[in-house]
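This briefing is for a reader new to the structure below.

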Amino acid sequence: MADRRRGSVPKRSSYQDIAESLRAQIREGKVAPGHYLPTERALQESFEASRSTVRRALSALISTGYGTNVPSKGVVAMQPEAVPKTKTIALIDSTTAVLNILFARMSDALRAKGYHLVHLGSMDKTIEESLQYAVDHEFAGAFVWPYRGFPDAAQVAKLGEQIPIVALDHALRGYRSDLATFDYFDAAYRATSHLIESGRRRIGITGMMDMLDISHDRLSGYMKALFDHGLKPCVRDYVFMHTSGSEEPDTLPLRRRLSDEDRPDAFLVMQDEFCPRVIETALELGLAVPGDVALCTIGDDVGVDVDGLGLSAVALDWEGLAESAISMMLRRIRDPKRGPELFQGKHLLVVRGLCSAAANRWTRNPERYSGFTREVPYPKTKFQYRSSLLAGGPALSSSQHSHRRSM
């Protein structure tokens, strides 16, 4: 309602505000199904809105199943059936290599079930704007890969009352939706433990550190593994090279740390996309990889090798996550009032040579366990290095495309 206190300037209600206020009254039983809503004139006065705004609000109310128009009499309140008005579902994200493949996978699976997946969102638009578009166009649901750390939780919650939401990979801060993700704490714990079991004793951590819960889970898993193996974390070994809002990785802290006599002999790289920068930095300083610096990472979506040795990584089952996210969405469409659901996908440590593990410990046929085990529409990014060419010279790398998985 508008603020009517003396001396205040009333804030005019938008049609979305009016429509949602009326929906709330119907859901809460203040206006019982089968009863008429207030007249257009009464709504104009109540919300201090124009006639066109009120009419637009009523149209939005009717389109979402909360009312039906009775000619010459008004709008009758209704409880909508749990059936979507359209068969269109949004995928809201900032577009990355992983998400491009997920979009293709999920599109095929949803098409077989009679739904159509549409991509919305970019770094130029907020998550809330994309969700509002999906609501205004009566989408059946929205998958959201949160690409901003602090969305407007109140606005997201308001929109979540109008459209089923399933978050992918990491949660929408401040709003509890269905979530399909991975156990990143355990993934980091396993990767760090593997480096220790391969003989490393001074293990640093690098990659991207930001406000996301999954980033903090990776850091915690790394620390827990050190403590459990009788090692102590050292603050000098925390050399992150990227964070939210950064345009490019900054390798200067890593370069300085690798130049020290007491440098780490291994690194957990929190996201696989940053491994090429770590390798290039080490090799340009004349260090051997994995002889002087061993690596293990989370994510197996970037192909990296040095002198023919591949990158050890915790592979994330993106195929399984996509399938489970779709199942969650269809259940949410059928039963929008049920409690939030959590799914954690499978992950597996894939051992190759850059972790310094003995060859008899390497994973056989590692391609079977990559995040995408079927043919993909976009080839994996690949980097190949020859240490003899890199020491003191330019990096030799082959890249088909670069990508950033989260902001």
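Helix H7 passes helix H8 in a right-handed crossing. H7 spans residues 184-197 and H8 residues 213-228; they pack at an angle of about 40°, with their axes 7 Å apart. The model is predicted, and the mean pLDDT of the protein chain is 88.

**Contact of H7 with H8**
- H7 contributes Tyr184, Phe185, Ala188, Tyr189, Thr192, Ser193 and Ile196 to the contact.
- From H8, the residues include Ile214, Asp217, Arg218, Tyr222, Lys224 and Leu226.
- By type, the residues of this contact are nine nonpolar, four polar and four charged.

**Nonpolar cores**
- The largest nonpolar core has 53 residues, and those touching the most other members are Ile89, Leu102, Met106, Phe143, Leu168 and Trp318.
- Helix H11, residues 318-334, gives the most to this core, with nine residues.
- Another core lies apart from it and has 24 residues, among them Met241, Val289, Leu295 and Leu311.
- Serine 177 is found in the loop between strand E6 (165-168) and strand E7 (178-182).
- Is Ser177 buried or exposed? Ser177 counts as buried because its relative accessible area is 13%, under the cut-off of 20%.
- Leaving aside neighbours within four places in sequence, Ser177 has contacts with Ile165, Ala167, Leu172, Pro340 and Glu341.

**Helix H10**
- Helix H10 covers residues 275-284 and is mostly covered, with eight of its ten residues buried.
- These buried residues are Cys275, Pro276, Val278, Ile279, Glu280, Thr281, Ala282 and Leu283.
- Glycine 286 follows H10 and has a positive phi, near 85°.

**Confidence**
- In the protein chain, 90% of the residues reach a pLDDT of 70 or more.
- Over residues 1-10 the pLDDT stays under 50, and the model has eleven contacts for this stretch beyond four places in sequence.
- Residues 391-407 also have a pLDDT below 50; this stretch has 62 contacts in the model beyond near neighbours in sequence.

Methods. Residues numbered from 1 in each chain as written. Predicted model: local features only at pLDDT ≥ 70, side-chain atom pairs only at ≥ 80, totals over all residues. Heavy atoms only, no water. Core = buried A, V, L, I, M, F, W, Y, C linked by side-chain atoms within 4.5 Å. Buried < 20%, exposed > 50% of the residue type's maximum accessible area, 1.4 Å probe, protein only. Helix = DSSP H or I, 4+ residues; strand = E, 2+ residues; numbered from the N terminus. Contact = heavy atoms within 4.5 Å. Axes fitted to C-alpha atoms, helices over the stretch in contact; angles between N-to-C directions. Left-handed = near helix turned anticlockwise from the far one by under 90°. Nonpolar A, V, L, I, M, F, W, Y, C, P; charged D, E, K, R; others polar. pLDDT = per-residue confidence, 0-100.
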